[in-house]
Amino acid sequence: MAFNDLLKQVGGVGRFQQIQVTLVILPVLLMASHNTLQNFTAAIPTHHCRAPAHANLSKDGGLEAWLPRDQRGRRESCLHFTFPQSGPPFPNGTEANSTGATEPCTNGWIYDNSTFPSTIVTEWDLVCSHRALRQLAQSLYMVGVLLGAMMFGYLADRLGRRKVLILNYLQTAVSGTCAAFAPNFPAYCAFRLLSGMSLASISLNCMTLSVEWMPIHTRAYVGTLTGYVYSLGQFLLAGMAYAVPHWRHLQLLVSVPFFAVFIYSWFFIESARWYSSSGRLDLTLKALQRVAQINGKQEEGAKLSMEVLQANLQKELTVGKGQASATELLRCPALRRLFLCLSMLWFATSFAYYGLVMDLQGFGVSMYLIQVIFGAVDLPAKLVCFLIINSLGRRPAQMASLLLAGICILVNGVVPQDQSIVRTSFAVLGKGCLAASFNCIFLYTGELYPTMIRTVTALLPETLGQPLPDTVQDLDSRKGKLRRQQQEQQKHMVPLRASAQEKTGLQD
């Protein structure tokens, strides 16, 4: 666990850390765009049936003769009359409208293109009986997120963070661009699934690579910075969606920049911590000396040698030769406990978060406005979370953010539907708390082990000021150390209680 000392020797937070962390975190700006892109590319405009193919609008009395009205006097979205109805429309559903037989739209739909000139909904008619296909597209994207986290998380532990990130940037650029030119809905869904896979891996490995190159006391800053960059991406999405309303152009706009990221990612330096945990001491030395040179610490870098690394990283080299497999999650008691806790945490946070942010049209206000508000609430929420993380620790921050988010969502569920302002306010507060929870869990998971899984947080250990564990044995050692500390504290408490009782007896 002496790796933190080696990082300080080669410059701590020097020029290299500042440049690489900035370049690694920069693509997170567009992650928010991809995660919630379908709020805009799959928006559902106001629509109604097109007149049947056999209709003669000039004789029938115009399109209105074919369109029934609902109880509020609005045109039905999915029905038209079997035969044209003579006479004026009756908004209350009586007279001509009540006696006319209706049927589902047979000749397509007419859409209101004033706000959204083109979406996947209008292009492929994903309305009425096909409305579920719209949700299917986003669900397949989230399936890709799950698959990517599992598959690329495994590959990152085997091949390294840098190689996997380079692959993910290229996959995001290619699949996102192909989605913009998708000829049909199945092809669009396939490319979105591939985008979800790569973006999930980017979110995990960018945090892992950044944290593994930073000293212990700076990890919370890295996690908070990443969270703020993601929040700025939400503002960016609102602006881009407003300026580029056509779904294909917007899809292309948020995907093409990853080609540039793919090019400069070749200059990333692989995690020396990963090299050492993999038993590649020669590459560990080479990476550390290169970082020392960039940080202007050539003399300190020259002092490093294979012998020095072997002396400082002896435990990592002896216990880290065999790479841990996925079965360790269930076989090792310490890992099993972390796995179960983090799994529930990831599930609860993700389920609630995406349930809120993926239905902006349901709030009844401008989608662009609510997108900006959702981004704005993250700023104070993540600041408060950062202060708690640095002062009280990760566990209180994680527990408080989830508790407050749960309260807001529960209250929001019982507020009447007509009180849209109150419901939106609680939703915004809940979203801010969930964003803070994400900020904490990304840092928490990276500090415990670099894998995407989900939680219950009171059972998690505190990691404030703790070095990153490199092996499964380190987790067992940390658990044993905490147990010994608790036992020592109990031993000291016994004499104190006895002394207090004696003083009480003398006073009596």
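This is a predicted model: local features need pLDDT of at least 70, side-chain atom pairs count only at pLDDT 80 or more; totals for chains, interfaces and linings use all residues.
Let me start with Arg161, which is buried at a relative accessible area of 3%, where buried means under 20% relative accessible area, exposed means over 50%, and partly exposed covers what lies in between, using a 1.4 Å probe and protein chains only. Residues are numbered from 1 along each chain as its sequence is written, and side-chain values use heavy atoms, with hydrogens and water left out.

Now, what does Arg161 form with Asp157? The two form a salt bridge, with their closest N and O atoms 3.1 Å apart, and by salt bridge I mean a side-chain nitrogen of Lys or Arg within 4 Å of a carboxyl oxygen of Asp or Glu. Asp157 counts as partly exposed, at 25% relative accessibility.

A search of the whole structure finds seven salt bridges, and another of them joins the side chains of Lys382 and Asp378, at 3.9 Å from N to O.

Let me step back to the chain. It has 24 helices and four strands, and buried residues make up 50% of its 508 residues. As general background, nonpolar side chains in soluble globular proteins tend to be buried together. In this model the largest nonpolar core has 80 residues, and those with the most contacts inside it are Phe40, Tyr169, Trp213 and Leu288; such a core is a set of buried Ala, Val, Leu, Ile, Met, Phe, Trp, Tyr and Cys residues joined through side-chain atoms within 4.5 Å. Helix α20, residues 333–357, gives the largest share of this core, eight residues. Apart from it lies another core, of 20 residues, including Leu67 and Cys105.

Which residues does Phe40 touch, if we do not count residues up to four places away in sequence? Among them are Phe116, Leu237, Leu360 and Tyr368, where contact means heavy atoms within 4.5 Å. The C-alpha atom of Phe40 is separated by 9.9 Å from that of Gln251, although the two residues are 211 residues apart along the chain. Gln251 lies in helix α12, residues 247–253, and is buried at 0% relative accessibility.

Finally, consider helix α2, residues 15–25, in which Phe16, Gln17, Gln20, Val21, Val24 and Ile25 are buried. They lie on the same side of α2, because they cover an arc of only 130° around the axis, the arc being that of the directions from the helix axis to the C-beta atoms. What covers these buried residues includes α3, α9, α10, α11 and α15.

Definitions and conventions:
Helices (H or I, at least four residues) and strands (E, at least two) are DSSP runs, numbered from the N terminus.
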